[in-house]
Amino acid sequence: MGESESLSLPSAEVLDRDDPIAHIRQEFEIPNGVIYLDGNSLGALPRSVAQRVHRVIEDEWGRGLIRSWNSTDWYELPSRVGDRIAPLIGARPGEVVVGDSTSISLFRVVAAALTLRPGRNVIVTERSNFPTDLYILEGIKRMQPEIEIRQAAEGEDPTHLLDEQTALLVLTHVDYRTGHIRDMEALTQAAHRVGALAIWDLSHSTGIVPVSLNDSGADFAVGCGYKYLNGGPGAPSHTWVAPKHADRVEQPLAGWLGHRDPFAFTPEYVPAPRIRRFITGTQQVLSLSALDEAMKVWEHVEIAHVRAKSIAQTSRFIAMVEAQCAGLGVTLVSPRDPDVRGGHVSFAHEHGYAVMQALIERGVIGDFRAPNLLRFGFSPLYLRFEEIDQAAAALADVLRTRSWDAPRFTERRRVT
Ligand SMILES: *Cc1c(COP(=O)(O)O)cnc(C)c1O
């Protein structure tokens, strides 16, 4: 009897056969012998991206040269890619722009949002937030020393830190370690009740958990292009600003391509209408082209299907690991309730780093997050149920045989 039957789970074969989005995997390059559980850190390569980038380099850059700014749509790429991302995050066309890293985009929206709340000096966030988010807030405080940053402790409700002095609530929607999904609407409303604005980091949400920015009343959001959107290493981030703010707010990294008329070359800055003012300098045309191409997969997939498959896969993985690894030192740290669990699952293990290295050597690629987390990301666009079973079995085997307990698995590499 297989593991799935003894747990009374449906067989992986049946689930893969009946999976309405199974065919999408063909559009991705997945190396043989690899079970890729890291789509939440660096999404896999969509096959058509290589050709597209090649074409942009050879034809548009190589032959078109500077003429390509007009003859292709380089100029509009930030908004065009933004329009592809918009439906995944509950935004409308024309509300999203793409460029630069998430860290930079976060700096822009936080600094811009502060100007909408003059006289208030408090930013509320969580100590467990992704470190770059905390560092960016600290950097803003260095420029504006009157700012007070309040960090909710692990497990503490950040709304308890909100008061009449609070300008901003800055949170990540899906926790990068636990995968816990925050209640965007309730938290945004709590911020609004004290007159503060809500800024959301969607890095572990966009492309895996449906988000409703407009419906939840959020004020600003940023998100990542290289995780579930599969835009490639260092792919540019996306920025959304609520329409009610977009024409009123100015951001401090005002640069020439966010100007209303860049080619007038006037010494005075006049912001472009709406979201375009959140562009700073020249866009990353090669990276944007790669992300634009990667986003085409969404022409054939609905986020609701992705979410349903994601819940089925993460739930299955948890059930299998807990059954097969009982007594082997793994503890689930992700929520058990799938409604508040995002696209990844984390287990704590005392020797998490070495265990993950041993798994990677077997071709099961996840990541380790300090201090002791084995983190497994499940990208339903290209992951089969069969692979869930194989990954759980590999983890159980590594733990049972203690094959992780070897010197080559304890040496820390630079990137975990
Ligand atoms: C991955 C991630 C980022 C990435 O930031 P970059 O500046 O694009 O490297 C930011 N915030 C969160 C919450 C993330 O998970």
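**Exercise 1. Which are the buried residues of H13?**

Before we start: this is a predicted model, in which local features need pLDDT of at least 70 and side-chain atom pairs count only at pLDDT 80 or more, while totals for chains, interfaces and linings use all residues. Residues are numbered from 1 along each chain as its sequence is written, and side-chain values use heavy atoms, with hydrogens and water left out.

*Solution.* 
- Step 1: locate the helix. H13 covers residues 352-361; helices (H or I, at least four residues) and strands (E, at least two) are DSSP runs, numbered from the N terminus.
- Step 2: apply the burial cut-offs (buried under 20% relative accessible area, exposed over 50%, partly exposed in between, with a 1.4 Å probe and protein chains only). Eight of the 10 residues pass as buried.
- Step 3: list them. They are Gly352, Tyr353, Ala354, Val355, Met356, Gln357, Ala358 and Leu359.
- Step 4: find their partners. These residues pack against strands E13 (364-365), E14 (367-369) and E15 (373-377), and against H14; contact means heavy atoms within 4.5 Å.

**Exercise 2. Describe how H12 packs on H14.**

*Solution.* 
- Step 1: Two packed helices are described by the angle between their axes and the distance between the axes.
- Step 2: For H12 (residues 303-324) and H14 (residues 385-401), the axes come within 9 Å and cross at roughly 25 degrees.
- Step 3: classify the angle. H12 is therefore roughly parallel to H14, given the classes used (under 35 degrees roughly parallel, over 145 roughly antiparallel, 65 to 115 roughly perpendicular, the rest oblique).
- Step 4: inspect the contact. Among the residues that meet are Phe317 and Met320 in H12, and Ile388 and Leu395 in H14.

**Exercise 3. Find the salt bridge of aspartate 367, and say whether its two partners are buried or exposed.**

*Solution.* 
- Step 1: recall the idea. Side chains of opposite charge can pair when their charged atoms come close.
- Step 2: search with the criterion (a side-chain nitrogen of Lys or Arg within 4 Å of a carboxyl oxygen of Asp or Glu).
- Step 3: pick the pair. Aspartate 367 bridges to arginine 375, with the closest N and O atoms 3.0 Å apart.
- Step 4: check accessibility. Aspartate 367 is buried at 4%, and arginine 375 is buried at 2%.

Terms used:
Axes fitted to C-alpha atoms, helices over the stretch in contact; angles between N-to-C directions.
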